[in-house]
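Subject: Structure for you to look over

Dear colleague,

Please find below the structure that I promised to pass on, together with its sequence. My notes on it follow, and I would be glad if you read them with the model open beside you.

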Amino acid sequence: MQASSGTAKPPLSPAIPLLIGMLAISFAPILVRSSDAPVSVQGMYRLLFTFLVMLPFGGRQLRELHTISRKDWLLLLAAGFFLALHFLLWMASLTYTSIASSTILLALEPVFVMVGAYFLFKDRPGRWAIVGMLTALVGAVGIGSGDIGLSQRAFFGDTLSFLGALAVAVNMLIAKQIMRRVSSFLYSFIVFGVTAACFCVYNVAMGIPMTGYPGREWLVFVLLAIVPTVFGHMIFNWLLKYVKPTTISMTVLAEPVGASILGMLLFREMVTGFQLIGGMFIIAGLVLYMRAEKQTAAATIPVDPLPAAVIE
């Protein structure tokens, strides 16, 4: 496979921002579950507050808005739409299924990224990468089978999380393409604004109130903006300039592990046998896939590969 990421050397080892981002996103499902507000309202304020936090730091980069081409503006709008779709589907899944099942299925994102990269960037996965993908899919089927045995409600939640993973993979592939021409800050600023606007339109269309929530809810909205978004998604967007999108997508391995542990401690959601076995298949498949990607990249164009302790 040809490396599709940029070859610029990052100002610091990618391991450091990747670790911060992995820890940050683990708190996302916990915060979502802690709120009683509709998920579309949570998503709107999460992205709106992030947008407002970024505004004072735009400076020179915001003055480059007029240099963005019409084609790139369309891509930015599409990226914002798919990010909104991802948040809406995945956050809604937490209402129907467990934190463990939702976040483990969300970890299938690299599979969709690999398929998309094959068609868009001509990235050809190796044999072991395909084996890893199939192993992960077996795990997803196992989780879905176990949850449908528990209830159709849980299976519906699993389906929402699965579709949410597909939506964020599309967002990731669009981001990789457009960030060759647009800075990571400007990309995040515009896409987060578009995502918040998409949620606003959705709330108005569905008649969902956007005000009148108690102070505790506003605290959750702010934490959703700061922890998993600023210290999670924004860091990942920045890293896309230096590493492959499949490498970034592999960081979702941290979320099901951390979130499941927090879910057991805070909500007493014990992991079932199907979730444990299916999750092990997914994680094993994705680790196998990542190792294959790393070996292929090392045999072609070096792109500052991550230390084994981070990607394994």
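**Overall picture**

Among contacts in the chain between residues at least 6 apart in sequence, 89% join residues at least 24 apart. Please keep in mind throughout that this is a predicted model, and that every value below is computed from it. The secondary structure of the chain comes to 14 helices and 0 strands, so that, read from the N terminus on, the order of elements is α-α-α-α-α-α-α-α-α-α-α-α-α-α. Of the 312 residues in the chain, 54% count as buried.

I looked at helix α5, which covers residues 99–106 and is mostly covered, with 8 of its 8 residues buried. The buried residues of α5 are I99, A100, S101, S102, T103, I104, L105 and L106. At the start of this helix, a side-chain oxygen of S98 comes to within 3.1 Å of the backbone nitrogen of S101.

How do α5 and α8 pack, in terms of angle and axes? Helix α8 spans residues 152–178, and the two helices pack at an angle of about 30 degrees with their axes 8 Å apart. Because angles under 35 degrees count as roughly parallel, α5 and α8 are therefore roughly parallel to each other. Their crossing is right-handed. On the α5 side the contact is made by S101, S102, L105 and L106, and on the α8 side by D158, S161, G164 and A165. Sorted by class, this contact of α5 with α8 has 3 nonpolar, 4 polar and 1 charged residues.

**T195 in helix α9**

The other site that I would like to point out is T195, which is found in helix α9, residues 184–206. Is T195 buried or exposed? With a relative accessibility of 0%, T195 counts as buried, because the cut-off for buried is under 20%. The side chain of T195 reaches the backbone oxygen of V191 at 2.8 Å. Leaving aside its neighbours within four places in sequence, T195 is in contact with L47, G80, L83, A84 and F87.

With best regards

Key: Residues are numbered from 1 along each chain as its sequence is written. This is a predicted model: local features need pLDDT of at least 70, side-chain atom pairs count only at pLDDT 80 or more; totals for chains, interfaces and linings use all residues. Side-chain values use heavy atoms; hydrogens and water are left out. Buried means under 20% relative accessible area, exposed over 50%, partly exposed in between (1.4 Å probe, protein chains only). Helices (H or I, at least four residues) and strands (E, at least two) are DSSP runs, numbered from the N terminus. A polar contact is a pair of N or O atoms within 3.5 Å; within protein, one must be able to donate a hydrogen and the other to accept it, and residues adjacent in sequence count only if both atoms are side-chain atoms. Axes are lines fitted to C-alpha atoms, for helices over the stretch in contact, and angles run from 0 to 180 degrees between N-to-C directions. Angles under 35 degrees count as roughly parallel, over 145 as roughly antiparallel, 65 to 115 as roughly perpendicular and the rest as oblique. A crossing is left-handed if the near helix is turned anticlockwise from the far one by less than a right angle, and right-handed if clockwise. Contact means heavy atoms within 4.5 Å. Ala, Val, Leu, Ile, Met, Phe, Trp, Tyr, Cys and Pro count as nonpolar, Asp, Glu, Lys and Arg as charged, and the others, Gly among them, as polar.
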